[in-house]
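Please consult the sequence and the structure shown here while reading.

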Amino acid sequence: MNIRNLLAAGLLALPLLATAAEDPAVAALNQRLIALQANLDTADVAAYERLQARQAVAELAKARRKNLEQARYLAERRVEIAETSARTEVAQREVERLERTRSELLIEASRRDADRARREAEKLRVQAQIQAEESERLRQAAEAEILARQDAEIALSSVAGKQAARVSAAQQNAAKLAREEAELVSGQKLPNSTFGRRGEVFTLPGDAFAAGQASLSAGAQDQLKALAEYLNIGKKGRVTIEGYDSANGVGQRRAQALKDALVAAGVAANRLQVSGKKAAATRARSAEVIIAP
(Lines give C-alpha, C1' and ligand atoms only; values in the text may rest on other atoms or scores of the structure.)
Protein backbone atom coordinates (compact mmCIF):
# COMPACT_ATOMS: atom_id res chain seq x y z
CA MET A 1 0.00 0.00 0.00
CA ASN A 2 1.51 3.40 -0.94
CA ILE A 3 1.56 6.57 1.19
CA ARG A 4 -1.21 8.24 -0.84
CA ASN A 5 -3.68 5.40 -0.27
CA LEU A 6 -2.80 5.21 3.45
CA LEU A 7 -3.36 8.95 3.80
CA ALA A 8 -6.64 8.79 1.86
CA ALA A 9 -7.86 5.89 4.01
CA GLY A 10 -6.92 7.75 7.17
CA LEU A 11 -8.68 10.92 6.08
CA LEU A 12 -11.76 8.92 5.12
CA ALA A 13 -11.78 7.22 8.53
CA LEU A 14 -11.54 10.42 10.63
CA PRO A 15 -15.10 11.78 10.16
CA LEU A 16 -16.52 8.26 10.36
CA LEU A 17 -15.00 7.28 13.72
CA ALA A 18 -17.20 9.79 15.53
CA THR A 19 -20.33 7.88 14.56
CA ALA A 20 -18.94 4.41 15.22
CA ALA A 21 -19.93 4.49 18.88
CA GLU A 22 -23.50 5.46 18.05
CA ASP A 23 -24.41 2.62 15.72
CA PRO A 24 -22.34 -0.57 15.15
CA ALA A 25 -23.85 -0.87 11.64
CA VAL A 26 -22.45 2.55 10.70
CA ALA A 27 -19.01 1.54 11.94
CA ALA A 28 -19.11 -1.76 10.05
CA LEU A 29 -20.21 -0.13 6.80
CA ASN A 30 -17.59 2.59 7.14
CA GLN A 31 -14.94 -0.05 7.71
CA ARG A 32 -15.91 -1.77 4.46
CA LEU A 33 -15.63 1.53 2.59
CA ILE A 34 -12.23 2.21 4.18
CA ALA A 35 -11.09 -1.25 3.06
CA LEU A 36 -12.10 -0.44 -0.53
CA GLN A 37 -10.16 2.84 -0.46
CA ALA A 38 -7.11 1.25 1.17
CA ASN A 39 -6.88 -1.60 -1.34
CA LEU A 40 -4.44 -0.77 -4.17
CA ASP A 41 -6.58 -2.68 -6.69
CA THR A 42 -9.87 -0.93 -5.86
CA ALA A 43 -8.74 2.52 -4.68
CA ASP A 44 -9.28 4.19 -8.07
CA VAL A 45 -12.42 2.38 -9.30
CA ALA A 46 -16.18 2.72 -8.68
CA ALA A 47 -15.69 6.28 -7.45
CA TYR A 48 -19.32 7.28 -8.03
CA GLU A 49 -20.70 4.17 -6.30
CA ARG A 50 -18.39 4.71 -3.29
CA LEU A 51 -19.54 8.34 -3.05
CA GLN A 52 -23.17 7.21 -3.02
CA ALA A 53 -22.32 4.64 -0.35
CA ARG A 54 -20.61 7.24 1.87
CA GLN A 55 -23.61 9.52 1.53
CA ALA A 56 -25.98 6.70 2.44
CA VAL A 57 -23.90 5.77 5.52
CA ALA A 58 -23.85 9.41 6.58
CA GLU A 59 -27.63 9.51 6.25
CA LEU A 60 -27.84 6.37 8.38
CA ALA A 61 -25.74 8.01 11.07
CA LYS A 62 -28.19 10.94 11.18
CA ALA A 63 -31.41 8.95 10.77
CA ARG A 64 -34.16 9.17 13.34
CA ARG A 65 -35.54 6.02 14.93
CA LYS A 66 -38.61 5.84 12.66
CA ASN A 67 -36.40 6.04 9.52
CA LEU A 68 -33.58 3.91 10.90
CA GLU A 69 -34.46 0.59 9.22
CA GLN A 70 -34.95 2.14 5.81
CA ALA A 71 -31.72 4.15 6.11
CA ARG A 72 -29.79 1.06 7.25
CA TYR A 73 -31.15 -1.02 4.35
CA LEU A 74 -30.25 1.70 1.83
CA ALA A 75 -26.75 2.14 3.28
CA GLU A 76 -26.07 -1.60 3.20
CA ARG A 77 -27.23 -1.85 -0.42
CA ARG A 78 -25.10 1.14 -1.46
CA VAL A 79 -22.00 -0.34 0.18
CA GLU A 80 -22.68 -3.72 -1.48
CA ILE A 81 -23.09 -1.98 -4.85
CA ALA A 82 -19.81 -0.10 -4.36
CA GLU A 83 -17.99 -3.32 -3.45
CA THR A 84 -19.50 -5.23 -6.36
CA SER A 85 -18.77 -2.42 -8.84
CA ALA A 86 -15.16 -2.21 -7.65
CA ARG A 87 -14.64 -5.97 -7.97
CA THR A 88 -16.29 -5.92 -11.41
CA GLU A 89 -14.05 -3.13 -12.71
CA VAL A 90 -10.92 -4.83 -11.34
CA ALA A 91 -11.98 -8.11 -12.99
CA GLN A 92 -12.70 -6.34 -16.29
CA ARG A 93 -9.26 -4.74 -16.24
CA GLU A 94 -7.68 -8.13 -15.73
CA VAL A 95 -9.75 -9.64 -18.57
CA GLU A 96 -8.66 -6.83 -20.91
CA ARG A 97 -5.02 -7.27 -19.88
CA LEU A 98 -5.18 -11.02 -20.51
CA GLU A 99 -6.89 -10.49 -23.88
CA ARG A 100 -4.16 -8.06 -24.96
CA THR A 101 -1.52 -10.55 -23.89
CA ARG A 102 -3.28 -13.34 -25.82
CA SER A 103 -3.48 -11.23 -28.99
CA GLU A 104 0.20 -10.32 -28.73
CA LEU A 105 1.15 -13.97 -28.30
CA LEU A 106 -0.95 -15.04 -31.29
CA ILE A 107 0.58 -12.38 -33.53
CA GLU A 108 4.10 -13.28 -32.40
CA ALA A 109 3.48 -17.00 -32.99
CA SER A 110 2.09 -16.30 -36.47
CA ARG A 111 5.10 -14.16 -37.32
CA ARG A 112 7.49 -16.85 -36.16
CA ASP A 113 5.69 -19.47 -38.27
CA ALA A 114 5.71 -17.22 -41.32
CA ASP A 115 9.41 -16.45 -40.86
CA ARG A 116 10.20 -20.16 -40.52
CA ALA A 117 8.26 -20.92 -43.71
CA ARG A 118 10.05 -18.13 -45.60
CA ARG A 119 13.43 -19.50 -44.52
CA GLU A 120 12.41 -22.98 -45.67
CA ALA A 121 11.24 -21.61 -49.02
CA GLU A 122 14.55 -19.79 -49.47
CA LYS A 123 16.49 -22.95 -48.59
CA LEU A 124 14.57 -24.93 -51.20
CA ARG A 125 15.04 -22.17 -53.77
CA VAL A 126 18.80 -22.31 -53.27
CA GLN A 127 18.72 -26.09 -53.55
CA ALA A 128 16.73 -25.79 -56.77
CA GLN A 129 19.24 -23.31 -58.14
CA ILE A 130 22.13 -25.63 -57.30
CA GLN A 131 20.27 -28.49 -58.94
CA ALA A 132 19.68 -26.42 -62.06
CA GLU A 133 23.36 -25.49 -62.27
CA GLU A 134 24.35 -29.13 -61.90
CA SER A 135 21.86 -30.08 -64.61
CA GLU A 136 23.43 -27.61 -67.00
CA ARG A 137 26.92 -28.93 -66.27
CA LEU A 138 25.84 -32.49 -66.96
CA ARG A 139 24.04 -31.47 -70.14
CA GLN A 140 27.16 -29.78 -71.52
CA ALA A 141 29.32 -32.78 -70.61
CA ALA A 142 26.94 -35.13 -72.48
CA GLU A 143 26.63 -33.07 -75.70
CA ALA A 144 29.06 -35.33 -77.56
CA GLU A 145 26.89 -38.36 -76.97
CA ILE A 146 23.26 -37.82 -77.98
CA LEU A 147 21.81 -40.85 -76.29
CA ALA A 148 23.65 -40.20 -73.04
CA ARG A 149 22.55 -36.57 -73.14
CA GLN A 150 18.91 -37.55 -73.65
CA ASP A 151 19.04 -39.99 -70.73
CA ALA A 152 20.63 -37.36 -68.50
CA GLU A 153 18.07 -34.72 -69.49
CA ILE A 154 15.16 -37.06 -68.77
CA ALA A 155 16.55 -37.95 -65.35
CA LEU A 156 17.35 -34.36 -64.47
CA SER A 157 13.98 -33.14 -65.74
CA SER A 158 12.29 -35.52 -63.35
CA VAL A 159 14.43 -34.34 -60.44
CA ALA A 160 13.89 -30.69 -61.36
CA GLY A 161 10.11 -31.24 -61.56
CA LYS A 162 10.01 -32.77 -58.11
CA GLN A 163 12.18 -29.99 -56.73
CA ALA A 164 10.01 -27.33 -58.39
CA ALA A 165 6.93 -28.95 -56.87
CA ARG A 166 8.56 -28.82 -53.43
CA VAL A 167 9.48 -25.17 -53.93
CA SER A 168 5.94 -24.35 -55.06
CA ALA A 169 4.45 -26.15 -52.06
CA ALA A 170 6.78 -24.33 -49.66
CA GLN A 171 5.99 -20.97 -51.29
CA GLN A 172 2.25 -21.63 -51.05
CA ASN A 173 2.66 -22.62 -47.39
CA ALA A 174 4.57 -19.40 -46.74
CA ALA A 175 1.81 -17.47 -48.51
CA LYS A 176 -0.83 -19.24 -46.40
CA LEU A 177 0.93 -18.25 -43.17
CA ALA A 178 1.41 -14.69 -44.46
CA ARG A 179 -2.32 -14.52 -45.25
CA GLU A 180 -3.17 -15.67 -41.71
CA GLU A 181 -0.79 -13.09 -40.24
CA ALA A 182 -2.20 -10.31 -42.43
CA GLU A 183 -5.78 -11.14 -41.42
CA LEU A 184 -4.81 -11.37 -37.74
CA VAL A 185 -2.92 -8.06 -37.72
CA SER A 186 -5.49 -6.14 -39.80
CA GLY A 187 -8.56 -7.75 -38.24
CA GLN A 188 -10.06 -8.15 -41.75
CA LYS A 189 -10.48 -10.97 -44.28
CA LEU A 190 -8.51 -11.14 -47.52
CA PRO A 191 -10.28 -11.52 -50.87
CA ASN A 192 -10.37 -15.02 -52.39
CA SER A 193 -7.15 -15.96 -54.18
CA THR A 194 -5.78 -18.61 -56.56
CA PHE A 195 -2.31 -19.59 -57.81
CA GLY A 196 -1.63 -19.89 -61.54
CA ARG A 197 0.81 -19.05 -64.29
CA ARG A 198 0.27 -15.32 -63.68
CA GLY A 199 1.15 -15.73 -59.99
CA GLU A 200 -1.17 -15.29 -57.01
CA VAL A 201 -4.46 -13.67 -58.06
CA PHE A 202 -6.82 -12.00 -55.56
CA THR A 203 -10.33 -11.54 -56.95
CA LEU A 204 -12.73 -8.83 -55.72
CA PRO A 205 -16.39 -9.81 -56.22
CA GLY A 206 -19.00 -7.79 -58.09
CA ASP A 207 -20.30 -6.07 -54.96
CA ALA A 208 -16.90 -4.41 -54.39
CA PHE A 209 -18.25 -1.53 -56.52
CA ALA A 210 -21.69 -0.14 -57.20
CA ALA A 211 -22.97 -0.86 -60.73
CA GLY A 212 -21.09 1.28 -63.25
CA GLN A 213 -19.19 3.09 -60.47
CA ALA A 214 -15.56 3.15 -59.25
CA SER A 215 -16.17 3.86 -55.55
CA LEU A 216 -15.19 1.00 -53.25
CA SER A 217 -17.77 -0.52 -50.93
CA ALA A 218 -17.06 -0.67 -47.19
CA GLY A 219 -16.51 -4.42 -47.42
CA ALA A 220 -13.97 -4.02 -50.23
CA GLN A 221 -12.12 -1.33 -48.26
CA ASP A 222 -11.80 -3.74 -45.32
CA GLN A 223 -10.46 -6.47 -47.62
CA LEU A 224 -7.87 -4.07 -49.06
CA LYS A 225 -6.58 -3.29 -45.56
CA ALA A 226 -5.82 -6.99 -45.12
CA LEU A 227 -4.37 -7.19 -48.65
CA ALA A 228 -2.06 -4.23 -47.97
CA GLU A 229 -0.82 -5.94 -44.81
CA TYR A 230 -0.23 -9.14 -46.82
CA LEU A 231 1.74 -7.30 -49.52
CA ASN A 232 3.94 -5.65 -46.91
CA ILE A 233 4.60 -8.84 -44.91
CA GLY A 234 6.25 -11.07 -47.47
CA LYS A 235 5.18 -10.33 -51.02
CA LYS A 236 7.79 -7.97 -52.51
CA GLY A 237 7.25 -8.52 -56.24
CA ARG A 238 5.43 -6.54 -58.92
CA VAL A 239 1.65 -6.14 -58.47
CA THR A 240 -0.80 -5.60 -61.34
CA ILE A 241 -4.33 -4.33 -60.64
CA GLU A 242 -6.99 -4.98 -63.30
CA GLY A 243 -10.46 -3.43 -63.14
CA TYR A 244 -13.41 -4.70 -65.23
CA ASP A 245 -16.53 -3.02 -66.58
CA SER A 246 -18.24 -2.86 -69.96
CA ALA A 247 -18.53 0.96 -69.83
CA ASN A 248 -15.67 3.05 -71.23
CA GLY A 249 -13.12 4.11 -68.60
CA VAL A 250 -14.86 2.50 -65.61
CA GLY A 251 -12.45 -0.45 -65.47
CA GLN A 252 -9.47 1.93 -65.43
CA ARG A 253 -11.02 4.04 -62.64
CA ARG A 254 -11.75 0.95 -60.60
CA ALA A 255 -8.15 -0.22 -60.91
CA GLN A 256 -6.94 3.25 -59.89
CA ALA A 257 -9.30 3.27 -56.87
CA LEU A 258 -7.82 -0.04 -55.72
CA LYS A 259 -4.29 1.29 -56.12
CA ASP A 260 -5.12 4.45 -54.14
CA ALA A 261 -6.58 2.36 -51.32
CA LEU A 262 -3.51 0.10 -51.15
CA VAL A 263 -1.12 3.06 -51.20
CA ALA A 264 -3.13 4.71 -48.42
CA ALA A 265 -2.76 1.49 -46.41
CA GLY A 266 1.05 1.57 -46.72
CA VAL A 267 1.96 -0.23 -49.98
CA ALA A 268 4.68 1.46 -52.05
CA ALA A 269 3.09 3.09 -55.10
CA ASN A 270 5.95 2.11 -57.43
CA ARG A 271 5.10 -1.57 -56.93
CA LEU A 272 1.58 -1.16 -58.30
CA GLN A 273 0.52 -1.06 -61.97
CA VAL A 274 -3.10 -0.46 -63.02
CA SER A 275 -4.98 -1.65 -66.08
CA GLY A 276 -8.61 -1.16 -67.08
CA LYS A 277 -10.38 -3.92 -68.98
CA LYS A 278 -13.45 -3.21 -71.08
CA ALA A 279 -15.16 -6.44 -70.09
CA ALA A 280 -18.35 -6.96 -68.18
CA ALA A 281 -17.96 -7.26 -64.42
CA THR A 282 -19.68 -10.32 -62.98
CA ARG A 283 -21.08 -11.28 -59.63
CA ALA A 284 -17.86 -13.16 -58.93
CA ARG A 285 -15.36 -10.63 -60.35
CA SER A 286 -15.14 -6.88 -60.65
CA ALA A 287 -11.35 -6.54 -60.29
CA GLU A 288 -8.20 -8.61 -59.78
CA VAL A 289 -4.95 -7.94 -57.91
CA ILE A 290 -2.17 -10.08 -59.41
CA ILE A 291 1.12 -10.68 -57.57
CA ALA A 292 3.80 -11.81 -60.02
CA PRO A 293 5.54 -15.10 -59.16
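In which sense do β2 and β5 pair, and over how many bridges? They pair in the antiparallel sense, over five bridges.

## Basis of the report

This is a predicted model, in which local features need pLDDT of at least 70 and side-chain atom pairs count only at pLDDT 80 or more, while totals for chains, interfaces and linings use all residues. Residues are numbered from 1 along each chain as its sequence is written, and side-chain values use heavy atoms, with hydrogens and water left out.

Strands are DSSP runs of E with at least two residues, and helices are runs of H or I with at least four, numbered from the N terminus. Two strands pair if DSSP finds at least two bridges between them.

Five of the five residues in β5 are buried (under 20% relative accessible area; exposed is over 50%, partly exposed in between; 1.4 Å probe, protein chains only). On one side these are A287, V289 and I291, and on the other E288 and I290.

## Nonpolar cores

A nonpolar core is a set of buried Ala, Val, Leu, Ile, Met, Phe, Trp, Tyr and Cys residues joined through side-chain atoms within 4.5 Å. The largest one has 27 residues, of which L227, Y230, I241, L258 and L262 touch the most other members. Elements that each supply at least two of its residues include α5 (146–186), β2 (199–204) and β5 (287–291). The largest share, eight residues, comes from α6.

Another core lies apart from this one and has 15 residues, among them L36, A53, A56 and V57.
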